[in-house]
Amino acid sequence: MPSNKSVSDAPIVQFTNCRILRDHQLQREDLWVREGKILNPEKLFFDEKGSADVQLDCKDSIIAPGFIDVQINGGFGVDFSLATDDFKSGIDLVSRKILSHGVTSFCPTLVTSPPSVYHQVLPQISVRNGGAHGAGILGAHLEGPFISKEKKGAHPEHCLRTFEAGAFQDLLATYGSLDCVQIVTLAPEMRRSSEVIRELTKRGICVSLGHSVANLSQAEEAVQHGATFITHLFNAMLPFHHRDPGIVGLLTSDKIPAGRRVFYGMISDGIHTNPAALRIAHRAHPKGLVLVTDAIAGMGLAPGRHTLGQQVVEIDGLNTYIAGTKTLSGSVATMDTCVRHFQEATGCSVETALEAASLHPAQLLGIEHKKGTLNYDSDADFLMLNDSLYVQATYIAGEEVWRQDVSGM
């Protein structure tokens, strides 16, 4: 049957012999792609009388939406919190390398830094689509410096700041610009944080609560003002206490505004969060769980000394510490590793594990109409995986951008 070229001359690719993650289930059907979008085959057959120009046999692979990492500090020797003259080549390197981890979009993350670093780095980050050059950039995630001294974790204390009178102007002066900013992590117990949360939310910027000693009512108030995310749950916050569960209590709070969902990031690397804690969070609020790597410059490198912003860190296996201490500082786990560990630790379904790294981060950022699903007309950013959830190939806008080399296996 000839293709009907009246709608588009672009080739139609049909991926066959696969199981597609759609509507929270793996469904045995074909995936149709044209011009970087996922096609509705019924419209193609009946409205256009069209057919595929190319058929690809997926050999019974799983096809899932591309992973979205909303908290990644760097990797492969590149630190997003270091102001360098070749910052752009660094971000390009990371965006290219994480394709093999199944990441098709990400938010480069800056830890607490002096204003001069934000002023130099942020103008060099631009939102862009992914492709053969690497994963797409959704905007920066600024983690600090408006965080708690008591829960600073790996953030340098001398760079921490509080909100002064004219709090939002203070934040603007610190960052220099919010043009490419997608997420800001702050401590909600800080004075004047409510007005800052409202102003950021008004501008479409996601506010995340983290590195904080907030109690539950302070956290709930922040959500009522617009906060929607929790930065690496359990890490750098007060531990759960039955009389005041703190930020962790948001997972089961009855004070969340109607129609609103609170999401929470989890570093599922087997180091930052005990598997039992991962299970507790997942069972309490499965639809809010967002897998993040929190990866640092040492991801993909040999053990030894590396940087995280202003600090020196030591990597020992999967453990990363501020040099000379036992303070955990980010992760060196890859996103596909986090997905596999999450599935193994919680015993959740394959579908649930994959959605925690794709659908949920897309919902958090309000881009689920384009990313994080394989719905018709969404971006054709997807992965082929085997049953053990190892990535075999990565596609962005329907084009193969990475494939596992099996020749040496």
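1. Basis of the note. The model is predicted, so that local features need pLDDT of at least 70 and side-chain atom pairs count only at pLDDT 80 or more, while totals for chains, interfaces and linings use all residues. Residues are numbered from 1 along each chain as its sequence is written, and side-chain values use heavy atoms, with hydrogens and water left out.

2. The annotated residues. An unreviewed UniProt entry lists E143, H211 and H232 under "binding site"; such positions are given in the numbering used here, with feature names shortened, and the annotations may be inferred rather than shown by experiment. The three span 90 residues in sequence, yet no two of their C-alpha atoms are more than 10.9 Å apart, so they gather at one spot.

3. E143. This residue belongs to strand β11, residues 140–143 (strands are DSSP runs of E with at least two residues, helices runs of H or I with at least four, numbered from the N terminus). E143 is buried at a relative accessible area of 2%, where buried means under 20%, exposed over 50% and partly exposed in between, using a 1.4 Å probe and protein chains only. Beyond its neighbours within four places in sequence, E143 has contacts (heavy atoms within 4.5 Å) that include Q71, N73, H155, H211, H232 and D294.

4. H211 and the polar contacts. H211 lies in the loop between β13 (206–209) and α6 (216–224), and is buried as well, with a relative accessible area of 3%. Its side chain makes a polar contact with the side chain of E143 at 2.8 Å, and the E143 side chain makes another with that of H155 at 3.5 Å. A polar contact here is a pair of N or O atoms within 3.5 Å, one able to donate a hydrogen and the other to accept it within protein, and residues adjacent in sequence count only if both atoms are side-chain atoms.

5. Strands β21 (residues 391–396) and β22 (residues 399–403) run antiparallel and are joined by four bridges, pairing being called when DSSP finds at least two bridges. I396 stands opposite E399, and of the two residues between the strands, A397 takes a positive phi near 55°.
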